[in-house]
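Me: Hi! Could you walk me through this model while I have it open? I'll ask as I go.

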Amino acid sequence: MNLKEEFSKFRLVKEDEKYIYVKGTRGVPKIVKISKVLTHDMYFLAGVILGDGHLKKDKTRISIELTDKEKLQSINKMFELTFGLQSIRIHPIRDKRENRKLRFLSYIDSAPIYHLFHEIFQIPRGKKSHKIFVPKFVFNAPLTIKKYFLLGVFITDGGKRSGINSKGLSTASLEFRDGISRLLRDVLIIDKHDQWLNKKYRKVYYGLYFHKKYIKNMRGFQSGQMDQILEYLTDKLEGQA
């Protein structure tokens, strides 16, 4: 996929052998760096957004909200390194309901980055839980790419399931659950499925889970700065950090 052609509607500021540098066409947009081909890090960040991110409907904003501040800091660093962004701020969000953890919010306002995840990775705008799916081209990607994508999903949306030694996720989208299951089996992680009716929201949820010892199958990173961040995040998923 030639991303230079996919970003032709944006203003091209400059380019080199690996990247184009573009900005939006309205207001005073910031210049962002876009690889000319899809990279491991883009797949990881797509997984993050599918897991626990949000594309605003009324503006080109991507937001991510988590209870783990250190995890969010690491994800922000991945965005900064991948797209050449300045430091992304973290905003604490206090829930007025009882016994609720403090949450932390970050957002990225960038039309080109929004375009990448909405148009290329096909992530829906607005409320998306029942509409998400794994893009078809991810199934045809090399195993290493699949590992990056899966880590992005599970580092945000993964949690304990069906016992202290299990990890998994739940979603309102059967297509997404089954797509993630297919990728897990591609990297030799055998999962189990369940589903249930959430009576409060009158919505069926689809789950999967597997033994946490198989998280090691998502590893395979190199020694660069971004991969050091991913190693740290994988440790957190395993409960080691």
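Me: Let's begin with the three-stranded sheet: what is the order of its strands?
Reply: The order is β1-β2-β3, an open sheet with antiparallel pairing. Strands here are DSSP E runs of at least two residues, helices are H or I runs of at least four, and both are numbered from the N terminus. Two strands pair if DSSP finds at least two bridges between them. Before we go on, this is a predicted model, where local features need pLDDT of at least 70 and side-chain atom pairs count only at pLDDT 80 or more, while totals for chains, interfaces and linings use all residues. Residues are numbered from 1 along each chain as its sequence is written, and side-chain values use heavy atoms, with hydrogens and water left out.

Me: Thanks! Which strands are at the edges of that sheet?
Reply: Those are β1 (11–15) and β3 (32–35), each pairing on one side only. From one strand to the next, the twist averages 35°, with axes fitted as lines to C-alpha atoms (for helices, over the stretch in contact) and angles running from 0 to 180 degrees between N-to-C directions.

Me: How many bridges are there between β2 and β3?
Reply: Four bridges, in the antiparallel sense, with β2 covering residues 19–23. Y21 stands opposite K33 in β3.

Me: And which ring does K33 lie over?
Reply: K33 lies over the face of Y19, 4.8 Å from the ring centre. The rule asks for NZ of Lys or CZ of Arg within 6 Å of the ring centre and within 35 degrees of the ring normal. R61 has its charged end over the ring of Y107, at 3.8 Å from the centre.

Me: Switching to the four-stranded sheet, what's the order there?
Reply: It is an open sheet too, ordered β4-β5-β7-β6 with antiparallel pairing. The edge strands β4 (53–55) and β6 (91–93) each pair on one side only. Neighbouring strands are turned by 30° against each other on average, direction ignored. Three bridges join β6 to the antiparallel strand β7 (residues 103–109), and I93 stands opposite R103 in β7.

Me: Which helix packs on this sheet?
Reply: Helix α4 (residues 111–120) does, touching β4, β5 (61–66) and β7. Its direction makes about 75° with that of β5. Contact means heavy atoms within 4.5 Å.

Me: Now the aromatics: how many pairs are there?
Reply: There are 11 aromatic pairs. Rings of Phe, Tyr and Trp (its six-membered ring) pair if their centres lie within 6.5 Å; planes under 30 degrees apart count as stacked, over 60 as edge-to-face and the rest as tilted. Y43 and F121 make an edge-to-face pair, 5.4 Å centre to centre with 90° between the planes. Y43 is in helix α2 (residues 40–52) and F121 in the loop between α4 and α5 (136–139), 78 residues apart.

Me: What about Y43 and F137?
Reply: They are edge-to-face, at 6.1 Å and 75° between the planes. F137 is in helix α5, 94 residues from Y43. One aromatic cluster takes in Y43, F79, F83, F117, F121 and F137.

Me: Is Y43 buried or exposed?
Reply: Y43 is buried, because its relative accessible area is 8%, and buried means under 20%, exposed over 50% and partly exposed in between (1.4 Å probe, protein chains only). F137 has 22%, so F137 is partly exposed.

Me: Last one: where is K69?
Reply: K69 is in helix α3 (residues 69–83). Leaving aside neighbours within four places in sequence, K69 is in contact with I90 and F104.
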